Each structure stands twice: as C-alpha cells, then as structure tokens.
Amino acid sequence: MCCTRLSPCSYNGQEFDAYAKVVVNAAGPFCDSVRKMANKDALPMICPSSGVHIVLPDYYSPDGMGLIVPKTKDGRVVFMLPWLGRTIAGTTDSSTSITPLPEPNENEIQFILDAICDYLNIKVRRTDVLSAWSGIRPLAVDPNAKNTESISRDHVVSEEYPGLVTITGGKWTTYRSMAEDAVNAAIKSGKLSPSNECITSNLRLIGGDGWEPSLFTVLAQQYVRMKKSDGGKVVPGVMDTAAAKHLSRAYGTLAERVATIAQNENLGKRLAHGYPYLEAEVAYCARNEYCESAVDFIARRSRLAFLDTDAASHALPRIIEILATEHNWDKSRQKEEIQKAKEFLETFKSSKNAHFHDGKHQ
Ligand SMILES: Cc1cc2nc3c(=O)[nH]c(=O)nc-3n(C[C@H](O)[C@H](O)[C@H](O)COP(=O)(O)OP(=O)(O)OC[C@H]3O[C@@H](n4cnc5c(N)ncnc54)[C@H](O)[C@@H]3O)c2cc1C
C-alpha cells in the first residue's frame with residue numbers, strides 16, 4: 001500500500017505522525033504553500049484578492065432592510081445588510097499579498113463609507129464603525145489550464161502530484177459542490193472504495209434535524225436558572241429572548257445542550273454587553289467543537305470580533321478563564337492566549353483602534 005506521511009502533525013501542542021493514501025489540500029489562500037511542500041517550484045494557483053467589510057450599528061439597517069448597489073460610480077458593487085443584530089457593509093476587491101493577519105487600510109474603509117453615503121440621506125460616520133477587517137479571497141488559476149490568464153471565481157480541483165488533491169477558489173455558497181468534487185477526486189486518486197454515493201446535497205447541518213423556528217420559545221420556557229432577587233430571595237430566572245433566538249439560530253437543536261450547561265454550571269451570563277453570546281458557549285465549544293484558542297472563539301465559534309472589536313476585547317479575559325478551566329491551561333498559556341488574541345484584534349480597524357482623523361480622534 002502506498003501512503004503519504006504527514007509529519008509532524010500537531011494537536012494541542014503534541015506532535016504525531018499520520019499516514020494517508022490521499023491528502024486533500026483545502027488550505028484556502030494558503031494552498032500554494034502546501035503545494036510547495038510537494039514541489040518547491042510549483043507555480044502559484046492563487047491570485048489573492050483583498051476584500052474589506054465594515055460593521056455598523058443596527059440603526060443603519062432598520063426593520064431588517066438593506067441595500068445593494070450593483071454598480072457604483074466607479075463600477076464596483078457595494079452592499080449594506082442586516083447581520084447578527086448589526087449592519088454589515090462592503091466590499092472591496094483589490095490584489096494583495098498572502099499574510100496570516102491581513103489588515104484593511106483607511107482608504108478601503110473610507111471607500112465603503114463614501115459609497116454608502118451616496119445613497120443615503122444621512123452621513124455614515126467613521127466613528128460608527130464597530131469593526132472593520134480584510135479577508136483574502138482565494139481566486140484560483142487552474143494549473144492545468146492552457147490559458148493561465150483566466151482567473152476563476154469558481155473552484156478548481158487538481159491533482160498535480162500523486163496523492164495530493166488540491167481544492168481551492170470557489171464560493172462559500174458552493175461549499176457542498178466543492179466538497180463533493182474534492183472527495184470524488186480523492187476517491188479516484190487513492191482508488192478508494194466508498195460504501196455509498198455522495199450524500200452531501202441532502203445532508204443537514206449538525207443541529208438541523210428536527211429544528212423548528214419556534215425552538216427559541218421552548219428554550220426560554222424550559223430554562224430555569226435560580227437567581228437571587230432584589231430582596232435576596234432565590235427565584236427562577238428566565239432566558240431572555242435575544243439569547244434564546246441566538247442559541248437556536250447558531251446551534252439548532254443542540255442549543256438545548258448549551259442551555260443545559262448555562263443552567264447547571266452557572267454559566268448563563270452574557271460575555272459582552274449588548275450581545276447574546278453566553279459563557280456556556282465557550283465551554284460547549286471547547287467540549288464539542290474543538291475550540292482550542294481564544295481567537296477561534298471570538299472569530300469563528302462566535303462572530304464577536306467581526307461584530308464589535310471593542311466588545312470582543314472586553315470579553316477576552318472571561319473567555320480565556322473558561323477555556324483555561326476546560327483545557328487545564330496554566331498561567332503562561334493564558335498569557336499567550338491574551339497576547340495572540342490582542343494581536344489578532346489589532347488587525348480589526350474599528351473606530352476605537354484605528355488611527356484616522358475626523359477632527360475629534362487624534
Ligand atoms: C472578503 C471576502 C468576501 C467573500 N464573499 C463571499 C460571498 O459573498 N459569497 C460567497 O459565497 N463566498 C464569498 N467569499 C469566498 C469564501 O469565503 C471562500 O471562497 C471560502 O471561504 C473558501 O473556502 P475554503 O474552505 O476553500 O478556504 P478557507 O475558508 O480559507 O479555509 C481554509 C482553512 O485551511 C486552514 N489552513 C491554512 N493553511 C493550512 C495548513 N498549512 N495546514 C492546515 N490547515 C491550514 C485555514 O486555517 C482555514 O481554516 C468571500 C471571501 C472573502 C475573503
């Protein structure tokens with residue numbers, strides 16, 4: 001049997017060897033660095049493009065309304081939409097270099113603000129920006145294409161080196177088709193014998209089976225956390241509607257498990273003022289979603305860093321405290337987590353941590 005050795009792999013600081021018939025390289029913008037491990041002279045497949053988004057308060061998208069401008073004065077697309085209780089606006093599309101911590105620049109943020117202002121009667125202020133970040137789109141060039149000039153917004157699957165299948169490009173919205181094509185290519189490459197055809201297109205997301213829109217009501221009704229009233233008497237507390245709606249939307253039917261942790265382990269407090277994220281989510285994600293770092297929680301398990309940089313920064317000590325209990329982190333690991341999370345949040349240019357001039361902020 002011919003196997004590829006993946007060495008050294010690391011999980012939770014521990015290194016180990018792993019062997020596989022086929023390796024799927026789905027490293028997004030970083031897929032070229034993985035291809036270069038197979039061939040240091042591999043030509044790039046990725047044409048990185050930077051996209052900046054900003055988040056504004058909810059009053060810019062009242063009653064769930066948004067706007068999309070298909071063609072601005074200079075031919076770009078700009079949108080402003082309700083997102084997780086706030087307003088997201090974007091975007092830009094400019095060539096960039098690949099870096100693990102991309103940052104938006106002031107011109108890009110100002111372009112989005114100006115473009116929106118052109119279509120509203122009110123000024124959208126730089127001081128309203130709760131969070132601003134840059135992401136790298138992995139636009140792909142097919143290494144086998146005759147015309148290498150053709151940059152695609154579709155995905156590309158290729159196996160240039162035996163046993164290494166690369167999938168890149170594509171869209172978030174086409175992830176099922178990307179997964180199907182990548183797995184089919186891996187089956188072919190490794191001459192694997194799957195027991196069934198691909199089931200991706202009908203597979204529900206975890207927590208989707210049996211989910212009903214009314215689940216949040218049941219959550220709020222069933223949640224009983226004893227708390228002290230003003231008079232010092234112990235009385236049952238209720239889960240507020242915003243938190244119940246958030247848990248139902250984020251975890252589906254598994255929300256009940258998060259609520260149980262909140263109730264039974266005294267982890268029912270909110271992590272940040274004005275946001276529905278609960279302390280119990282940190283414990284749940286550490287136990288069930290491989291949440292191994294504070295950055296993972298503020299960026300991917302929750303979206304707090306993207307919604308409100310300042311709120312994420314304030315929530316960090318408590319998030320790290322809970323993760324430390326879950327993972328037995330010592331003081332030095334906790335310090336390292338704070339440091340890494342602060343460096344990560346520095347790349348977000350909210351109105352608080354950006355250097356811009358509006359006459360008030362210096
Ligand atoms: C600004 C912006 C706007 C976008 N807008 C849209 C949109 O409106 N609609 C839409 O459908 N799509 C949109 N996309 C595209 C979409 O987000 C990406 O196409 C999609 O995330 C690509 O998925 P992926 O799994 O290939 O890569 P990624 O989501 O980037 O995942 C790659 C993973 O690989 C990991 N990784 C990297 N290197 C290594 C390594 N050496 N070893 C192990 N793991 C590694 C990374 O940590 C990451 O988790 C947008 C993207 C950006 C950046």
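This is a predicted model: local features need pLDDT of at least 70, side-chain atom pairs count only at pLDDT 80 or more; totals for chains, interfaces and linings use all residues.

Reader: How do you know that the length of helix α10 agrees with its 19 residues?

Author: At 1.5 Å a residue, residues 309-327 should span 27 Å, and the end C-alpha atoms are 25 Å apart, so the two values agree.

Reader: What makes you say that α10 bends, and where?

Author: Axes are fitted to the seven residues ending at a residue and the seven starting there, and the bend is the angle between them. At Leu316 that angle is about 45°. A proline, Pro317, follows within four residues.

Reader: Why is Asp308 called a cap of α10?

Author: One of its side-chain oxygens lies 3.2 Å from the backbone nitrogen of Asp310, at the N-terminal end of the helix. A polar contact needs N or O atoms within 3.5 Å, so this pair qualifies. After the helix comes Asn328, with a positive phi near 60°.

Reader: Which residues of α10 are called buried, and what covers them?

Author: Buried means under 20% relative accessible area. Among the buried residues are Ala311, Leu316, Ile320 and His327. Their cover includes β9, α7, α8, α9 and α11.

Reader: Now the sheet: why do β3 and β11 count as paired?

Author: Pairing takes at least two bridges, and 3 join β3 to β11, so they pair; the two strands run parallel. Asn25 stands opposite Thr166 in β11.

Reader: And what makes β3 and β10 edge strands?

Author: The order is β3-β11-β10, and β3 and β10 each pair on one side only.

Note on methods
Residues are numbered from 1 along each chain as its sequence is written. Side-chain values use heavy atoms; hydrogens and water are left out. The expected span of a helix is 1.5 Å times one less than its number of residues. Buried means under 20% relative accessible area, exposed over 50%, partly exposed in between (1.4 Å probe, protein chains only). Contact means heavy atoms within 4.5 Å. A polar contact is a pair of N or O atoms within 3.5 Å; within protein, one must be able to donate a hydrogen and the other to accept it, and residues adjacent in sequence count only if both atoms are side-chain atoms.
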